[in-house]
Amino acid sequence: MLLGSDAPFAKACRTLAHFTGATVAEATARRATAAAGAAWLQLDLAEAARLEADPTIDGPPGEPVQQVSVDGVFVPVVGGEWREVKVLAIGAVTPDGDGGVQTTALSSCARLADAARFGREALAELHRRGTLGAATVVAVADGAEWIQGFLDLHVPAATRVL
């Protein structure tokens, strides 16, 4: 379990009360959020297992030019130790109107997992976004070996920006 403040839950409770008049205790908001996150994780895991079992399943069409960024971030966990959370961010690359580009429509996937497990579990998000079939994928990441392995697994033809 990650350490953290109840401040985000308190803010969510105040926002809910402001817009709806409904009051919810911080503990209830925390439990509901944890339950929703656990349910979403199970859906993602089931989808990843389905895709691993049948790699011929076509993904939905996605943006033709996409950016993926993969990294690890250390977070404190209960007991005072620190663990690395693996994170994937995906975005659509579009013209910005000034001759450059911007990344929009961001989504992400994060797991407290080793690199191999993260590689398997991130498959659902990559599939959902149509990244695996995108015409151009630009990968912005550092040179960590596990990240290069992730890119080799999912988007080996990606243009890599170190």
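Predicted model: local features only at pLDDT ≥ 70, side-chain atom pairs only at ≥ 80, totals over all residues.
Two strands are taken to pair if DSSP finds at least two bridges between them. Strand β1 (residues 65-76) runs parallel to strand β4 (residues 136-141), and six bridges join the two.

V70, for instance, has L88 as its bridge partner in β2. The two strands form a hairpin with five residues between them, and in the turn G79 has a positive phi of about 100 degrees. β2 in turn is joined to β3 by nine bridges, and these strands run antiparallel. Here L88 turns up again, with C109 as its bridge partner in β3.

Put together, the strands give an open sheet of five, in the order β3-β2-β1-β4-β5, with mixed pairing. β3 (101-111) and β5 (159-161) stand at the edges with a single partner strand each, so one side of each has no neighbour in the sheet. From one strand to the next, the twist averages 25 degrees.

A helix accompanies this sheet. α5 lies across β1, β2, β4 and β5, and its direction is at about 145 degrees to that of β1. Its buried residues are W146, I147, F150, L151 and H154. Seen down the axis of α5, these buried residues fall within an arc of 140 degrees, so they line one face of the helix. They pack against β1, β2, β4 and β5, and also against the helices α3 (115-121) and α4 (123-128).

The largest nonpolar core has 19 residues, of which V68, V70, L88, F118, F150 and L151 touch the most other members. The elements that give two or more residues to this core are β1, β2, β4 and α5 (145-154). Of these, α5 gives the most, with four residues.

Apart from its neighbours within four places in sequence, L88 is in contact with V68, S69, V70, S107, S108, C109, F118, A122, L126 and F150. Among these contacts are both of its bridge partners, V70 and C109. The contacts also include V68, F118 and F150, which are listed with L88 among the core residues that touch the most other members.

Note on methods: Residues numbered from 1 in each chain as written. Heavy atoms only, no water. Core = buried A, V, L, I, M, F, W, Y, C linked by side-chain atoms within 4.5 Å. Buried < 20%, exposed > 50% of the residue type's maximum accessible area, 1.4 Å probe, protein only. Contact = heavy atoms within 4.5 Å. Axes fitted to C-alpha atoms, helices over the stretch in contact; angles between N-to-C directions. Arc of directions from axis to C-beta.
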